[in-house]
Amino acid sequence: MSLMTVENVGFSYGTGRKVLEDISFSVPKGANVGLVGESGSGKSTLLRLLLGLDSPQSGRILFDGAPLQARDRAYMRGYRKRVQAVFQDPYSSLNPAHRIRRIVTEPLRSLKVPGDHLAMAREAITSVGLTEDTLERFPHQFSGGQRQRIAIARAIVARPELVLADEAVSALDLSTRVRVVDLFREISERMTMIFVSHDMGVVAALCDQLIVLDRGRIVEAGETAAILRDPQHSYTKSLLASIPRMPEGA
């Protein structure tokens with residue numbers, strides 16, 4: 001069953017430039033879907049629509065079979081509990097003046113989630129490979145990879161059904177990136193995920209389905225293994241060609 005469905009969505013900015021045109025795809029419950037494209041492909045605009053920050057100018061977005069109501073504040077409170085996001089920069093996404101405990105429990109407070117918030121924060125922070133004493137420290141006391149783990153803990157603490165990850169490993173060094181990708185892979189076993197990236201290598205390693213976006217249009221979509229084995233569109237082939245490969249004999 002589809003958790004999120006995008007039907008013939010179009011979006012333009014005030015300049016009249018078409019950013020998205022006739023975008024259609026579905027995200028089955030439990031799937032791990034990669035949305036990949038270079039800068040200017042429209043993926044950031046599409047992510048804003050999926051988060052309910054903007055509304056499509058044509059077409060519609062369905063969540064769990066019902067239209068996404070981005071302009072309805074009461075609806076969006078419930079939507080935020082079911083859908084959370086992890087953003088690109090772990091340095092700017094955490095308030096430096098707040099302890100990690102306050103940062104991780106913020107969604108629980110704002111969404112009025114019942115229960116023991118501190119216990120939920122402990123569960124979330126340990127699930128991303130950090131210790132409970134992390135909650136009493138401040139963001140500046142952690143590395144970039146650790147901060148991104150904290151951001152992930154904040155996104156999953158309310159146990160959402162869908163996590164949207166926006167270039168969530170691109171600001172990390174290579175070794176840290178590998179570890180965080182492994183963490184996302186573990187998370188994807190428990191909930192549905194859409195992973196947005198310009199890096200085909202990361203998306204190919206993490207996602208079981210791919211959607212390739214170029215200049216506001218979907219040019220290829222399907223199972224990751226099939227696309228990697230036999231890409232049909234020249235743009236997809238160029239993205240695959242950009243994946244670094246180990247030299248022979250290394």
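Helix axes are taken here as lines fitted to C-alpha atoms, for helices over the stretch in contact, with angles running from 0 to 180 degrees between N-to-C directions. In the present model, which is predicted, the axes of helix 3 (residues 100-110) and helix 5 (residues 144-156) come within 7 Å and cross at roughly 35 degrees. The contact is made by Ile 100, Ile 103, Val 104 and Pro 107 on the side of helix 3, which meet Ile 150, Ala 153 and Arg 154 of helix 5. By residue class, the contact of helix 3 with helix 5 comprises six nonpolar residues, no polar residue and one charged residue.

Helix 1, spanning residues 43-50, is mostly covered, six of its eight residues being buried. The buried set consists of Lys 43, Thr 45, Leu 46, Leu 47, Leu 49 and Leu 50. Helix 1 is followed by Gly 52, for which phi is positive, near 80 degrees.

With strand 3 (residues 32-36), strand 9 pairs in the parallel sense over four bridges, and within strand 9 the bridge partner of Gly 34 is Leu 210. With strand 10 (residues 217-223), strand 9 pairs in the antiparallel sense over six bridges, an arrangement in which Leu 213 stands opposite Ile 218 of strand 10. The hairpin of strand 9 and strand 10 has two residues between the strands, and Arg 215 in this hairpin takes a positive phi near 50 degrees.

Thr 224 lies in helix 8 (residues 224-229), and its relative accessible area is 4%, so Thr 224 is classed as buried. When neighbours within four places in sequence are left aside, Thr 224 is in contact with Ala 204, Cys 207, Asp 208, Gln 209 and Leu 210.

Asn 8, placed in strand 1 (residues 2-12), has a positive phi of about 50 degrees although it is not a glycine, and with a relative accessible area of 45% Asn 8 is partly exposed. Glu 167, found in the loop between strand 7 (162-166) and helix 6 (174-188), has a positive phi near 50 degrees. Glu 167 has a relative accessible area of 9%, which lies under the 20% limit, and is therefore buried.

The structure holds four aromatic pairs. Among them, Phe 11 and Tyr 13 form an edge-to-face pair, with 5.1 Å from centre to centre and 85 degrees between the planes. Phe 11 is buried at a relative accessible area of 7%, whereas Tyr 13, at 38% relative accessibility, counts as partly exposed. The rings of Tyr 75 and Tyr 79 have their centres 6.0 Å apart and their planes at 20 degrees, so this pair is stacked. Because Tyr 75 and Tyr 79 are four residues apart in helix 2 (residues 73-82), they are separated by about one helical turn. An α-helix has 3.6 residues a turn, so residues three or four places apart point the same way. Tyr 79 is buried, with a relative accessible area of 2%, and ring pairs link Phe 63, Tyr 75 and Tyr 79 into a cluster.

Terms used. Residues are numbered from 1 along each chain as its sequence is written. This is a predicted model: local features need pLDDT of at least 70, side-chain atom pairs count only at pLDDT 80 or more; totals for chains, interfaces and linings use all residues. Side-chain values use heavy atoms; hydrogens and water are left out. Buried means under 20% relative accessible area, exposed over 50%, partly exposed in between (1.4 Å probe, protein chains only). Contact means heavy atoms within 4.5 Å. Ala, Val, Leu, Ile, Met, Phe, Trp, Tyr, Cys and Pro count as nonpolar, Asp, Glu, Lys and Arg as charged, and the others, Gly among them, as polar. Two strands pair if DSSP finds at least two bridges between them. Rings of Phe, Tyr and Trp (its six-membered ring) pair if their centres lie within 6.5 Å; planes under 30 degrees apart count as stacked, over 60 as edge-to-face and the rest as tilted.
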